[in-house]
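Good morning, and thank you for coming. Please look at the sequence and the structure together as I speak.

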Amino acid sequence: MKKTNHTTVKDVAKRAGVSPSTVSRVISDHPKISEQTKSKVLKIMEEMGYYPNAIARSLASKKTGTIGVILPSRSQDLLLNPFFPEALRGILKGSSAFSYDVLLSSSSEGKSELQILKTFIRSSKVDGIILMSSSIDDECQDYLNSIEFPFSLIGSPYDHKERVNHVDNDNYMAAYELTTYLSMIGRKKIALIAGEIGQMVTMKRVEGYKKALMESNLPYDEKLLYTGKFDEETGYRYGNEILNLKVKPDAIIITDDIIAFGAVQILKGNGVKIPEDIAIASFNNSVLSRYCEIPLTSVEINSFDLGYEAVVLLVSCISEGVRGKKVIIPYSIIKRQSTEGEI
């Protein structure tokens with residue numbers, strides 16, 4: 001429900017049966033307000049369409065000068081994945097260029113991404129939001145679209161592309177090209193280890209992988225498609241599963257360097273020769289790929305540029321109302337020992 005021009009703090013307080021000062025404390029997430037009262041007031045605010053930050057933004061003198069960044073809450077160790085610090089570096093650089101500060105989300109106390117996002121908006125903390133991932137049926141995108149709050153997305157929206165400013169790589173073509181490359185160097189049985197299947201980036205890379213197999217006249221075996229999380233543990237787990245196959249693949253595409261790092265440790269530790277027995281190719285071209293014991297062939301996705309352009313898109317939405325703009329950041333395949341052998 002969109003806000004009306006006539007709803008005030010007093011209106012919300014009257015309907016909730018509390019004082020206006022209590023509503024203000026709920027908006028600022030004051031720790032002395034009980035969870036019961038907070039939930040009641042927030043529900044009524046939503047029903048009445050009262051969004052204080054949306055009102056504040058209409059007054060130029062009350063802009064916060066701050067951008068909110070929502071980190072995915074799917075992993076406590078998110079910042080151990082090199083993609084996120086590098087993309088954040090781009091966001092910080094871009095924000096500085098446009099004279100914005102950055103407020104980074106925290107998923108502590110079990111709060112969801114949507115809960116954090118709503119707190120940012122209701123407490124008038126930010127002028128706009130950057131979402132750092134995109135999933136199917138993304139409730140954050142739905143909410144921001146419903147209240148027409150400025151935001152941009154690193155990744156591709158699952159829906160309403162005409163309304164969402166977003167920056168991404170062509171993940172379909174990157175996976176297609178990487179799979180084709182492995183086929184052209186003689187690999188006949190290519191597995192794929194990916195992150196969460198509900199993430200748009202995973203879906204695009206899986207689609208590109210399947211298409212390249214088909215066009216290379218190689219069989220697609222659903223038992224060689226593994227999905228998990230963007231972490232080392234996923235690499236360890238599926239590396240072990242591949243070790244136990246009677247007929248092993250002769251190549252593995254892995255959709256994140258940190259997953260690949262785990263898989264390589266397991267495979268190499270159990271006598272698999274890379275790339276002689278199994279070639280490994282990954283994504284992100286992070287420091288892990290360059291300094292892994294066996295340097296990894298990896299897709300350079302230019303994480304810094306993704307973060308920087310997300311800021312450019314958000315500022316255009318805040319200042320000019322631009323929506324539905326798409327920016328594609330080029331990728332490149334950096335070939336190393338894990339597929340090419342020792343040079």
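Predicted model: local features only at pLDDT ≥ 70, side-chain atom pairs only at ≥ 80, totals over all residues.

Which residues form a negative surface patch? The patch is formed by Asp137, Glu139, Asp142, Asp159 and Glu162. Residues are numbered from 1 along each chain as its sequence is written, and side-chain values use heavy atoms, with hydrogens and water left out.

Let me explain the term patch. The residues in a patch have over 30% relative accessible area and no salt bridge; like charges are joined within 9 Å, and nonpolar side chains (Val, Leu, Ile, Met, Phe, Trp, Tyr) within 5 Å. Asp and Glu count as negative and Lys and Arg as positive, whereas His and the chain ends are not counted. A charge is placed at NZ of Lys, CZ of Arg, CG of Asp or CD of Glu. The accessible areas come from the Shrake-Rupley method with a 1.4 Å probe, and for residues only the protein chains shown count as cover.

Helices (H or I, at least four residues) and strands (E, at least two) are DSSP runs, numbered from the N terminus. Is glutamate 162 buried or exposed? Glutamate 162 counts as exposed because its relative accessibility is 56%; the term exposed means over 50% relative accessible area, buried means under 20%, and partly exposed lies in between (1.4 Å probe, protein chains only).

The loop between S4 and S5 also holds histidine 160. The phi of histidine 160 is near 55°, a positive value in a residue other than glycine. With 30% relative accessibility, histidine 160 is partly exposed. Asparagine 302 is not a glycine either, yet has a positive phi of about 60°. Asparagine 302 is placed in the loop between strand S10 (297-300) and helix H13 (303-320), and is partly exposed at 24%. For context, most residues other than glycine have a negative phi, and most peptide bonds are trans.

Where is there a cis peptide bond? This bond joins isoleucine 274 and proline 275, with omega about 10°. Proline 275 lies in the loop between helix H11 (257-269) and strand S9 (279-283).

Let us now consider the protein as a whole. Its secondary structure comes to 14 helices and 12 strands. The C-alpha atoms fill a box of roughly 70 × 40 × 35 Å along the principal axes. Of the 343 residues, 51% are buried.

I turn next to salt bridges. Side chains of opposite charge can pair when their charged atoms come close. How many salt bridges does a search of the whole structure find? The search finds 7, where a salt bridge is a side-chain nitrogen of Lys or Arg within 4 Å of a carboxyl oxygen of Asp or Glu.

Glutamate 35 pairs with lysine 38, their closest N and O atoms being 3.6 Å apart. Both residues belong to helix H3 (residues 35-48) and are 3 residues apart, about one turn of the helix. Glutamate 35 is exposed at 54%, whereas lysine 38 is buried at 13%.

In helix H5 (residues 83-97), arginine 89 and glutamate 86 are likewise 3 residues apart. Their side chains meet in a salt bridge of 2.8 Å, N to O. Arginine 89 is partly exposed at 46%, and glutamate 86 is partly exposed at 29%.

Glutamate 293 forms a salt bridge with lysine 268, with 3.0 Å between the closest N and O atoms. Glutamate 293 lies in the loop between helix H12 (287-291) and S10 and lysine 268 in helix H11, so this pair ties together parts that are 25 residues apart in sequence. A network of salt bridges links Glu46, Lys118 and Arg122.

My last topic is cysteine. A disulfide is a covalent bond between the sulfur atoms of two cysteines. With a disulfide taken as a pair of cysteine sulfur atoms within 2.5 Å, the count comes to 0. Cysteine 317 is thus in no disulfide, and the nearest cysteine sulfur, that of cysteine 140, is 16 Å away. Cysteine 317 is buried at 5% relative accessibility, and cysteine 292 is buried with a relative accessible area of 5%.
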